[in-house]
Amino acid sequence: MKTQWNLKPFSLDLGHLWDITSGIQLEKDHTAKLTQAWDQFFHKSKTNQIGFFNWPLPENSSQIEEIEGLARKLRQRFQAAICMGIGGSYLGPIALQEILNPLPSNQDFKVQWISNADSAPISRAKNSIHTKKCLAVVISKSGGTTETLAAWFHLSHHFSKDSIVVITDPKQGELRRLSQAEGWHSLPVPPTVGGRFSVLTAVGLFPLALQGIAVRELIEGANYMRELLTDCPTLENPALWYAYSKFLWDKQGHSIQYLMAYDSRMKLLSDWYVQLWAESLGKKELGSKVSVGPNPVSALGTSDQHSLLQLFKEGPRQRIVGFLTAEDPESPQVGTPTFSSPDFDYLTHRTFSELNLLASQATEESLHRGEVPTYRFSLPQLSPFNLGAFIFFQETACALAGELYRVNAFDQPGVEETKKILKGKLTAKP
Ligand code: PA5
């Protein structure tokens with residue numbers, strides 16, 4: 001079996017998920033199981049039941065041009081945007097923004113987000129609306145999510161109709177109705193692409209394009225990964241082995257599945273991974289009442305080494321730990337201090353990036369000695385191409401895991417029910 005892949009956008013090493021004594025074993029019927037998972041997934045994508053997998057294809061190029069075109073036009077007239085969205089309409093775009101535009105200068109187009117609709121982000125947004133010429137970008141696939149609408153209702157007074165963009169379903173929902181009635185700018189979210197799978201559609205691309213980020217390269221990375229996963233032999237497919245290894249560890253009681261990013265810019269990417277895997281897989285098995293699904297968790301290295309590692313290493317055997325690292329050629333050296341500290345001289349010639357990489361390797365080695373299963377993604381660079389490929393890889397692997405768990409990875413009945421209960425409470429007379 002294959003456990004290592006050196007792909008152009010990243011390398012993946014699953015070796016330490018498989019070399020643990022008393023760890024997971026290949027199931028006798030694994031060939032049939034993996035083949036069936038891929039075939040069922042691929043059939044769904046071909047019959048248009050899974051929209052995200054075909055979205056990066058060149059045939060959708062005109063829709064991406066529309067997103068880029070609107071962003072280009074509005075960048076000339078505005079200097080900032082307040083974006084509103086939650087869940088899949090927030091986590092992906094903010095994760096990419098944090099990596100690709102972490103330190104905007106005063107001259108750059110500034111994008112601020114309201115996700116949790118409480119007083120602090122609302123007040124922050126209100127304070128900055130008047131400091132620059134500001135757009136409102138309201139993002140909701142359904143067009144009716146309470147928190148997003150509440151924020152938008154409150155802030156709507158500050159925006160004229162040509163400074164409003166909504167990103168929502170092309171036909172349905174309150175935001176679509178409003179955009180048509182009021183004449184706001186709008187962009188569609190493809191109907192077959194669900195919230196947490198939508199970061200590479202207008203949901204993520206538009207806010208990023210406003211900031212001048214090369215969104216086309218994100219799509220090229222996703223398309224590269226699509227071809228790679230489609231063309232490789234099923235039993236060498238890295239997304240399938242990633243999904244299968246995590247699935248088997250979950251079945252073996254290691255349901256707490258960390259993705260630990262070793263660069264603070266990637267912490268939100270790891271939060272995005274959590275939503276993707278939690279909301280897609282935490283379900284009742286199709287046709288039964290059995291509850292399944294891993295418990296994905298995000299962490300930040302090295303900070304969380306100093307809070308969680310002891311538990312990982314010697315606590316109950318319930319976890320697997322994934323490492324996510326990226327090379328950072330611009331990372332500064334620690335350098336020589338203004339005082340003498342000879343016992344720590346070994347630090348001075350190292351860059352912070354090297355320090356973090358070595359810390360991640362030390363952590364992995366220590367966990368491996370303690371028989372804790374680990375795996376590793378290494379990105380050569382935090383470029384849009386590599387990130388587009390990484391995101392697409394995670395989405396595909398998660399959808400494949402849906403086949404292994406025998407759940408519908410694309411619905412979220414638990415979230416929908418809560419939305420309805422909240423609406424009931426809000427409409428009830430006090
Ligand atoms: O992945 C999902 O479908 C959810 O997390 C949604 O993104 C979230 O509930 C927000 O929904 P909407 O985009 O419809 O406002």
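A salt bridge here is a side-chain nitrogen of Lys or Arg within 4 Å of a carboxyl oxygen of Asp or Glu. This is a predicted model, where local features need pLDDT of at least 70, side-chain atom pairs count only at pLDDT 80 or more, and totals for chains, interfaces and linings use all residues. Residues are numbered from 1 along each chain as its sequence is written, and side-chain values use heavy atoms, with hydrogens and water left out.

By that rule, there are 14 salt bridges. Let's take some of them.

Start with Arg77 and Asp162. Their closest N and O atoms are 2.8 Å apart. Arg77 sits in helix α3 (residues 61-77), and Asp162 in the loop between α6 (146-155) and β6 (164-168), so the pair ties together parts 85 residues apart in sequence. Helices (H or I, at least four residues) and strands (E, at least two) are DSSP runs, numbered from the N terminus.

Next, Arg177 and Glu174. This salt bridge also has its closest N and O atoms 2.8 Å apart. Both residues lie in helix α7 (residues 174-182), three residues apart, about one helical turn.

Now Glu364 and Arg376. Their side chains meet in a salt bridge at 2.8 Å, N to O. Glu364 is in helix α13 (residues 352-369) and Arg376 in strand β13 (residues 374-379), 12 residues apart.

Buried or exposed? Buried means under 20% relative accessible area, exposed over 50%, partly exposed in between (1.4 Å probe, protein chains only). Glu364 is buried at 11%. Arg376 is buried at 10%. Arg77 is partly exposed at 34%, and Asp162 is partly exposed at 36%.

Last, a network: salt bridges link Asp263, Arg265 and Asp328.
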